[in-house]
Structure formats: C-alpha cells, structure tokens
Amino acid sequence: MIFREVEDRDLIAKARRGDVEAYNLLVSRWEKRVFNYLLRLVRNREDALDVSQDVFLKAYQNLPKLAEPEKFAGWLFRIAHNEAFSLLRKKRPESELAPETHVAAGKGSLLPMELSLAVETALNRLNEDQREAVLLKVYQGFKFEEMAEILECPVSTVKSRLYTALDLLKATLAPQAIR
Amino acid sequence: MSAHNIDWNAYALGEMEASGRRDAAAHMVICESCREELAEVEATLATLAMLREEEVPRRIAFVSDKVFEPRWWQKWNPTFAAASVLAAAIVVHAFAQPPVADAALQARVQVMTEEMQDRMVIFDQMDRQLKQVYMQQISLRRQ
C-alpha cells in the first residue's frame, strides 16, 4: 500500500507536468476499484462504466487542484461519490421502483458464486448511505476519517451508517456466514 | 457496542487504537458473550469478502485517446474565429466589392459570424456522435 502511494504520487506529479501517459497509468491502476465501487453503488454496469469514465476525466481536469497528492485515493473516491449520487438523484424514481431481489434461501454451505450472489443481494437491500459505508470500509479499506472526508460528514455519522449496515448484514447473511 | 462497552466492530475492522485493542483482547479471554459477539462480526466480514470483484467490461478511455483530442474547429478560439471572419470580410470587401455603407458591411460581418458559430455547434454535435461511435466500437471489439 505504501509503495502504491509512492508510485501514485510520482505519477500524479508527472501528470501535473503534462505527462498524459503517466495519467493513463494512474487510470489503469485505479479503474477496477473505482468501477467496482460504482457498480455496487449504482447497481447498473453501463451506468457504472459511464460514471467511471466521467470520474477519471474530471479527476484529470482537476488534478492541479489536488492539494495533497498522498490523499489521491480519497480525493478520487470523493469525485466518484459525487458523480454516483448525482446520477442516483436523477434516476431516483426508477431505482425506487427496481424490483427487490431476495437473498438465496437455504442453509448449509454455498458455492462461492452463490455466496457472492447472496452478498450482492444483501448489499442491495441496504439503503444507499449504508451500502456506501460498507463499500468504502470493507471493500476499499478506507479509515473512518478518510470516509468522513469522502462523504463530507462527521466520523460519528460514518460509524453509525456502517454499524447499522453491519447489523443488518449480520442478520441477513447469518445462514450463509463463514465461520 | 457490546454489553461491556467494547466496540467489537471497530476491533474487527482494525480501527481500534493499540491500547484499546490490548484491553479488548484481554477482556475477550474472560468473557464468552464478547467472544461470541466478535465471532459474529468477523463471520459477517468474512462472508462479505466473498463478493466477487468484477472486471471492467471495457477499458476506460484514456485522455490521450484520439477521441478526446480537440478537433481543428475546437482548437480555434471563437474570438479569433470571429476576428478572422471580420478580417476576411474586409479583404474581400476591399478587392471584390464596390464600396458599401459601413452599416451594410457590419451587417454582413454579423451574418457571417453567426453562420460560423452555427457551424461550430454542428461540428460539436458531429464530434459527440463520433465519440459515441468510437466507444461502441471499443465495446464491440472487447466482446
């Protein structure tokens, strides 16, 4: 992680000096993480891809404004968060009408694919704020303080959203939980 | 927060500071209910980790891709374009037309400038369409 940060910092410095290839490399390093975060948040592959594209273009345009290059990850995810919620606000009526999916019934061991589907379904049953808290903490590994910066809210709010989400997930995923 | 005021979520998520972590670990040895609570959190996190990470279906277009290069008319500053049209009009007027009143010349220049701006809008639309076709082609190639 530290090496990654150092390399990112180097690439950011080059990109700021106009080295487009350095920025392209930066995109390659982050596109999968950003795409997966957006995919789980907006729940549509095409939308996630379009928003990813917008995020990286916006990041490129605003790179000179990035005050602390070592905080690139949080800054990038903050752009992604803003873009995703902008889209969700536009599509609100549609997403509210989206059919609710159900967690696979049954107990006992599930295949990895089934387990992944069960997790995806359980995540989809959370509200957007709770789901995003889980995505940023569990899948992207951000600290509470970093999440608070990305989401522009107090750490206490971040913890409250995350802990509520974990309680709900605990109840939903209990039959499938790996012990 | 557990019945014994220990934040096992923070513990499992690695968000507890070293001293608090040591105290929690010591407490866990003697408290079965807290052990169970932590086990539940860890089991939930382990299950969440089973979510499959998706590949990006097609690559994110790079800023160096040709599709993002400004076209010649986009590189053309509108003010410069208008000035060029004005200069051209003056030259044409001087060499090819009989003298006309200033007002007529200005009206002519105005019309030409507006026409040029309309064309730029059309060029922009064409450019957007080209970008869409380009992205579709990348998508098809990936498939």
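In this predicted model, helices α2(A) and α3(A) meet through residues of both helices. On the α2(A) side these are A:Tyr23, A:Val27, A:Glu31, A:Val34, A:Phe35, A:Leu38, A:Leu39 and A:Val42. On the α3(A) side they are A:Arg45, A:Asp47, A:Ala48, A:Leu49, A:Val51, A:Ser52, A:Val55, A:Phe56 and A:Tyr60. Two residues are in contact if their C-beta atoms, placed from the backbone, lie within 7 Å. Residues are numbered from 1 along each chain as its sequence is written, while chains are lettered from A and ligands numbered from 1 in the order in which they are written. Because the model is predicted, local features need pLDDT of at least 70 and side-chain atom pairs count only at pLDDT 80 or more, whereas totals for chains, interfaces and linings use all residues.

**Packing of α2(A) and α3(A)**

- Two packed helices are described by the angle between their axes and the distance between the axes.
- For α2(A) and α3(A), the angle is about 140° and the axes are 9 Å apart; axes are lines fitted to C-alpha atoms, for helices over the stretch in contact, and angles run from 0 to 180 degrees between N-to-C directions.
- The two helices are therefore oblique to each other; angles under 35 degrees count as roughly parallel, over 145 as roughly antiparallel, 65 to 115 as roughly perpendicular and the rest as oblique.
- The crossing of α2(A) and α3(A) is right-handed; a crossing is right-handed if the near helix is turned clockwise from the far one by less than a right angle, and left-handed if anticlockwise.

**Packing of α3(A) and α4(A)**

- The axes of α3(A) and helix α4 (residues 72–90) of chain A come within 9 Å and cross at roughly 135°.
- These helices, α3(A) and α4(A), are therefore oblique to each other, and their crossing is right-handed.
- From α3(A), the residues A:Asp47, A:Val51, A:Asp54, A:Val55, A:Lys58 and A:Ala59 take part, and they meet A:Leu76, A:Ile79, A:Ala80, A:Glu83, A:Ala84 and A:Leu87 of α4(A).
- The contact of α3(A) with α4(A) has eight nonpolar, no polar and four charged residues.

**The nonpolar core**

- The largest nonpolar core has 61 residues; such a core is a set of buried Ala, Val, Leu, Ile, Met, Phe, Trp, Tyr and Cys residues joined through C-beta atoms within 7 Å.
- A residue is buried if 20 or more other C-beta atoms lie within 10 Å of its own, exposed if 12 or fewer, and partly exposed in between, with C-beta atoms placed from the backbone.
- The residues with the most contacts inside the core are A:Val34, A:Leu38, A:Leu76, A:Ala80, A:Val119 and A:Val134.
- Helix α2(A) gives the most to this core, with 11 residues.
- Apart from its neighbours within four places in sequence, A:Ala80 is in contact with A:Val34, A:Tyr37, A:Leu38 and A:Val55.

**The two chains**

- Chain A comprises nine helices and zero strands; helices (H or I, at least four residues) and strands (E, at least two) are DSSP runs, numbered from the N terminus.
- Of the 179 residues of chain A, 35% count as buried.
- Chain B has six helices and zero strands, and 12% of its 143 residues count as buried.

**Contact between the chains**

- The contact takes 34 residues from chain A and 24 residues from chain B.
- On the chain A side, the elements that give two or more residues are α2 (20–42), α3 (45–62), α6 (112–124), α7 (128–139) and α9 (155–173).
- The largest share of that side, 10 residues, comes from α2(A).
- The residues of the chain A side divide into 19 nonpolar, six polar and nine charged.

**Individual residues of chain A**

- A:Arg43 is found in the loop between α2 and α3 and has a positive phi of about 60° although it is not a glycine.
- A:Arg43 is partly exposed, with 18 other C-beta atoms within 10 Å.
- A:Glu152, in the loop between α8 (144–151) and α9, has a positive phi near 55° and is likewise a residue other than glycine.
- A:Glu152 is exposed, with 10 other C-beta atoms within 10 Å.

Notes
Nonpolar A, V, L, I, M, F, W, Y, C, P; charged D, E, K, R; others polar.
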